[in-house]
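Here's a quick briefing to read with the model open beside you.

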Amino acid sequence: MELLFDTSPWLTGVILVVYLCAAAEVGFRVGILRAKKTPASARESLSIVQGAMLALLGLLLGFTFAMAGTRYDTRKALVVREANAIGTAALRAELLPEPHRSEVRALLLTYVSRRLAASTGPITEAAFTLLLAESSRIQKALWAHAVTVAVDDKRGAINALFVASINDVIDLHTDRIAVLRDRVPEVILWLLFGFSTLSMGMLGYSHGLGGRRNVLPATIFAILVTSVVLVILDLDRPRHGFIQVSQQALIDVQEQLKQP
């Protein structure tokens, strides 16, 4: 399944259309062979079964689409929350004495750049792992500043606020990584592919029993099913594909941190 996520969306779409059309062709040929042995009453029952299968396929497509869409919405909301947490930490750092103030601001600016690099555009798994390691290193440096200022009881309330904001930054990083790796279960995707194959095969089988190959309707149906499947896969792979979560909130924070 990882190969499917790493393949170009256009190539995946072409392969799925050809595959589904091939399933319809296989069903058509089987229907031709069974046409003389299938009575009219059985063909009527087959139409009912075919309609039920197509309805179930539509239900499965909608259910899977909703799962992928929910994960996309969660990732989008977490970007805004992380940007707010980093912005809050930067504001509270202004209340710290030097050298903590300038050092924390510089660390946060570097941290945002690493978070953007890990979230924008397709990157290799090795590069992604390296960016996560750098983010963790910066988190440790930020926490070291938080521990240092927390020891100073003279500024207890201000220091406590700063410590809480750094803790939020670290927690939201963990939340974003968890959601990034949270995908639609593979068993559901395999069920979707299997059901699509059987539905196309049944459609071709029905045409075979009628003795007429309806290429255009079968091809259009294959393209429609493929289109929905591609959108589901695109929503479910955050670092690939056409549908990407906007990182504008983090970009805005980065611009704010660059200002003197």
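Let's start with Glu25, which is partly exposed at a relative accessible area of 24%. Its salt-bridge partner is Arg29, with the closest N and O atoms 3.1 Å apart. Keep in mind that this is a predicted model.

**Salt bridges**

- The structure holds eight salt bridges, and the one between Arg29 and Glu25 sits inside helix α2 (residues 9–34), its two residues being four apart, or about one turn of the helix.
- Arg29 counts as exposed, with 54% relative accessibility.
- Arg176 pairs up with Glu82, and here the closest N and O atoms are 2.6 Å apart. Arg176 belongs to helix α6 (residues 156–180) and Glu82 to helix α3, so this bridge ties together parts that are 94 residues apart in sequence.
- Arg115 is one of the buried residues of α4.
- Arg105 and Glu94 meet through their side chains in another salt bridge, at 2.8 Å from N to O. Since Arg105 is in helix α4 and Glu94 in the loop between α3 and α4, the pair ties together parts that are eleven residues apart in sequence.
- Arg105 is partly exposed, at 22% relative accessible area, and Glu94 is partly exposed too, at 36%.

- Helix α4 covers residues 100–119, and its 20 residues should span 28 Å at 1.5 Å a residue; the end C-alpha atoms are 28 Å apart, so the two agree.
- Among the buried residues of α4 are His100, Val104, Leu107 and Leu108.
- Helix α5 (residues 125–151) has 27 residues and runs 39 Å from first C-alpha to last, close to the 39 Å expected.
- The buried residues of α5 include Phe128, Leu131, Ile138, Leu142 and Val149.
- His145 counts as buried, at 12% relative accessibility.
- On the surface, Trp143, Val147 and Val151 make up a nonpolar patch with about 280 Å² of accessible area together. Val151 lies in helix α5 and is exposed, at 62% relative accessible area.

**A cis peptide bond**

- Most peptide bonds are trans. The one from Glu98 to Pro99 is cis, with omega near 5°.
- Pro99 lies in the loop between α3 (40–93) and α4.

**An aromatic pair in α7**

- There is one aromatic pair by the rule used here. Trp190 and Phe193 have ring centres 6.2 Å apart and planes at 80°, so they are edge-to-face.
- Trp190 and Phe193 are three residues apart in helix α7 (residues 186–210), which puts about one helical turn between them.
- Trp190 is exposed, with a relative accessible area of 51%, whereas Phe193 is buried at 15% relative accessibility.

- Thr226 sits in helix α8 (residues 215–236) and is buried, at 3% relative accessibility.
- Not counting residues up to four places away in sequence, Thr226 touches Gly13, Leu16, Val17 and Leu20.

Key: Residues are numbered from 1 along each chain as its sequence is written. This is a predicted model: local features need pLDDT of at least 70, side-chain atom pairs count only at pLDDT 80 or more; totals for chains, interfaces and linings use all residues. Side-chain values use heavy atoms; hydrogens and water are left out. The expected span of a helix is 1.5 Å times one less than its number of residues. Buried means under 20% relative accessible area, exposed over 50%, partly exposed in between (1.4 Å probe, protein chains only). Patches are made of residues with over 30% relative accessible area and no salt bridge: like charges are joined within 9 Å, nonpolar side chains (Val, Leu, Ile, Met, Phe, Trp, Tyr) within 5 Å. Accessible areas come from the Shrake-Rupley method with a 1.4 Å probe; for residues, only the protein chains shown count as cover. A salt bridge is a side-chain nitrogen of Lys or Arg within 4 Å of a carboxyl oxygen of Asp or Glu. Contact means heavy atoms within 4.5 Å. Rings of Phe, Tyr and Trp (its six-membered ring) pair if their centres lie within 6.5 Å; planes under 30 degrees apart count as stacked, over 60 as edge-to-face and the rest as tilted.
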